Amino acid sequence: MILSCQNICKEFVDNKVLENISFHIEDYEKAAVVGINGAGKTTLLRIIVGELAPDQGLVTLSKDKTLGYLAQQAAVDTANTIYDELLSTKQQLVLLEERMRRCEADMKHAEGDALDALMKQYVSDTHSFERDGGYTYRSEIVGVLKGLGFTEEDFTKSVSTLSGGQKTRVALGKLLLQRPDLIILDEPTNHLDMNSISWLETYLLNYKGAVLIVSHDRYFLDKIATKVIEIDQTKATTFLGNYSDYAAKKEMLRAAAWNAYVNQQREIKHQEEVIEKLRSFNREKSIKRAESREKLLNKIEVIEKPTEVRTDMKLTLTPHIQSGNDVLTVQGLSKSFGNLHLFENVDFELKRGEHVAIIGDNGTGKTTLLKILNQILPADSGKFTLGTNVEIGYYDQEHHVLHGEKTLFEEISDEYPYLTNTEIRNVLAAFLFTGDDVFKQIKDLSGGEQGRVSLAKLMLSNANFLILDEPTNHLDIMSKEILEDAVNQYTGTVLYVSHDRYFINKTAHRILDLTAHKFVNYIGNYDYYLEKHDTMMAAVTGTSVTDTASSGKASLSNASATSANAAPVQPVSENKLDWKAQKEEQARLRKKENDLKKCEDKIAELENRLQEIDEEMADPEIGTQVLRLQDLAKEQALLNQQLEELYAQWELLAE
């Protein structure tokens with residue numbers, strides 16, 4: 001075991017974030033921490049690395065083990081070049097190499113004991129240099145930089161000139177080169193393109209150490225994680241397996257917990273009704289039975305209502321009018337910025353109902369293409385044509401469609417003036433903005449919150465053609481799943497740019513890969529793209545991409561047709577069986593209700609007779625008739641016995 005967390009607790013101004021968090025990380029294990037935004041994942045990492053002190057609990061790192069941490073906003077030395085910043089992690093080897101060179105120079109002029117001492121020193125240094133990777137560290141630095149998406153031309157750039165995302169990549173490279181026994185990464189894929197993420201996956205899978213990751217990239221977690229630690233409502237639960245294993249187990253546990261809660265609530269309600277009914281009989285024995293049941297009911301350990309998964313944010317995307325079959329036709333589209341050529345002579349078409357993902361390396365022009373289609377930027381050459389009745393809804397990753405000075409309420413009301421105040425509040429509430437939240441200014445919102453406002457506007461639009469630029473950015477896993485469901489149920493057309501491979505896998509019917517200034521077409525999701533990528537790239541120079549894609553489309557269509565023709569008839573017979581069972585159950589319930597009604601009528605009849613007997617026995621005239629009183633007493637005892645049996649029968653039927 002390399003790391004142990006025991007009963008970690010943390011609270012911020014009466015806001016309990018972590019409560020009794022306990023888990024451990026084994027040597028060489030790859031573990032992930034998941035949870036919704038604000039669950040306390042980053043707080044937990046900061047406690048583990050010592051940046052925050054827990055209110056209670058203990059973090060233990062094994063003796064002589066090292067730890068490396070990459071925060072979301074990692075610090076780097078801006079005075080260095082990119083290469084020199086990574087080289088700083090190998091400073092010991094650099095100094096050792098310099099000493100070896102000096103030793104070599106000195107040995108040329110040394111004699112006798114001095115030479116022996118220098119040779120001895122040189123042998124020792126050479127051994128240490130070789131053992132610590134001295135002959136490969138420079139190529140290792142180059143490999144890491146290229147893997148993280150830097151070109152050799154970038155190596156000499158000053159860190160001070162880099163964007164925040166590029167600086168984070170430099171910090172990640174430094175951490176990987178330090179090779180700590182435990183690497184802790186907070187959202188490491190946020191600023192990486194797909195190739196860099198794939199490289200990082202391979203690097204971490206082969207890493208000779210343990211890894212602890214916080215990430216919303218589910219495809220990445222599927223590849224890397226062998227253990228998932230979920231933080232939910234301040235508590236931690238550990239699941240073995242990758243993200244998909246966790247998601248399946250979590251759904252089973254959630255369903256079981258919800259069923260247990262619903263069943264117990266149903267039983268509690270039923271027992272309360274039985275108690276109330278027994279009290280209504282208003283007899284000593286029935287009241288005693290009611291009190292006995294009430295005592296048992298009070299002893300029940302009530303199950304707390306589970307958090308309902310994915311029910312807070314409600315996202316429904318529905319086109320109000322149907323477009324023509326031809327939605328978008330792009331012909332000969334080209335775009336450059338000075339000497340930077342993004343794409344040229346791009347041709348593709350979109351048909352109604354298609355969900356198409358655009359992928360490619362950072363800087364290839366994916367977002368630029370979407371801006372051209374939304375007429376935010378002009379193309380250098382070529383044209384695009386929208387089909388009949390096509391209305392575009394645009395989701396911009398930089399949220400330029402939002403107005404920073406407006407409040408959330410004004411952002412919606414100004415765009416859709418026909419909505420009432422109540423309707424606007426209801427829409428914002430569906431995206432988790434309630435109360436005074438609606439009066440916050442857009443500029444004061446986080447990236448994730450601005451994303452939710454953009455999605456709210458998109459939901460209200462009349463669009464039948466959605467153009468989405470990185471729609472899952474800043475969303476937590478639960479929000480991504482909500483968006484996935486909405487896109488999959490959307491009957492209009494969708495064109496989007498995304499680096500989220502899990503999202504692409506779930507929602508894309510087709511993928512356009514922007515590579516070498518052209519689009520390569522894949523008829524399928526991301527898994528299909530991975531399967532066919534090498535073959536398609538090899539064929540690009542020989543066979544037409546259009547022909548290849550068309551044949552793929554035809555084969556998929558044939559497969560669908562075959563599947564449809566071979567539909568089994570078994571479900572019909574199952575439906576018949578279900579119908580028969582349903583009828584039998586209905587008959588059983590009717591009989592039970594009739595028996596219960598008869599039992600209640602009989603109880604009422606006996607209670608009425610017992611009431612009459614009580615009145616007779618209280619009559620002064622009958623009080624002098626000994627034989628009559630004996631008969632009434634015998635009848636009363638018999639009726640009480642029958643009534644006791646009827647109460648028991650009624651309780652049994654009531655269950």
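A salt bridge is taken as a side-chain nitrogen of Lys or Arg within 4 Å of a carboxyl oxygen of Asp or Glu. The model is predicted, with local features requiring pLDDT of at least 70, side-chain atom pairs counting only at pLDDT 80 or more, and totals for chains, interfaces and linings using all residues. Residues are numbered from 1 along each chain as its sequence is written, and side-chain values use heavy atoms, with hydrogens and water left out.

The salt-bridge rule gives a count of 42. One of these pairs Glu 19 with Lys 235, with the closest N and O atoms 3.2 Å apart. Glu 19 belongs to strand β2 (residues 15–25) and Lys 235 to strand β9 (residues 235–240), so the contact ties together parts 216 residues apart in sequence. Helices (H or I, at least four residues) and strands (E, at least two) are DSSP runs, numbered from the N terminus. Burial is assigned by relative accessible area: buried is under 20%, exposed is over 50%, and partly exposed is in between (1.4 Å probe, protein chains only). Lys 235 is partly exposed at 39%.

A salt bridge also joins Arg 179 and Glu 140, at 3.0 Å from N to O. Arg 179 sits in the loop between α6 (164–178) and β6 (182–186), and Glu 140 in helix α5 (residues 137–147), so the pair ties together parts 39 residues apart in sequence. Arg 179 is partly exposed at 44%, whereas Glu 140 is buried at 18%.

Asp 380 and Lys 335 form a salt bridge at 3.6 Å, N to O. Asp 380 lies in the loop between α11 (366–373) and β13 (381–386), Lys 335 in strand β10 (residues 326–337), 45 residues apart. Asp 380 is partly exposed at 46%; Lys 335 is buried at 7%. Shared partners link Arg 609, Glu 612, Glu 616, Arg 628 and Glu 635 into one salt-bridge network.

Rings of Phe, Tyr and Trp (its six-membered ring) pair if their centres lie within 6.5 Å; planes under 30 degrees apart count as stacked, over 60 as edge-to-face and the rest as tilted. The structure holds 17 aromatic pairs. Phe 239 and Tyr 246 have ring centres 5.1 Å apart and planes at 75°, so the pair is edge-to-face. Both Phe 239 and Tyr 246 are buried. For Tyr 416 and Tyr 418, the centres are 6.2 Å apart and the planes at 75°, so this pair is edge-to-face. Tyr 416 is buried at 9%, but Tyr 418 is exposed at 58%. Tyr 219, Tyr 522, Tyr 526 and Tyr 529 form one aromatic cluster.
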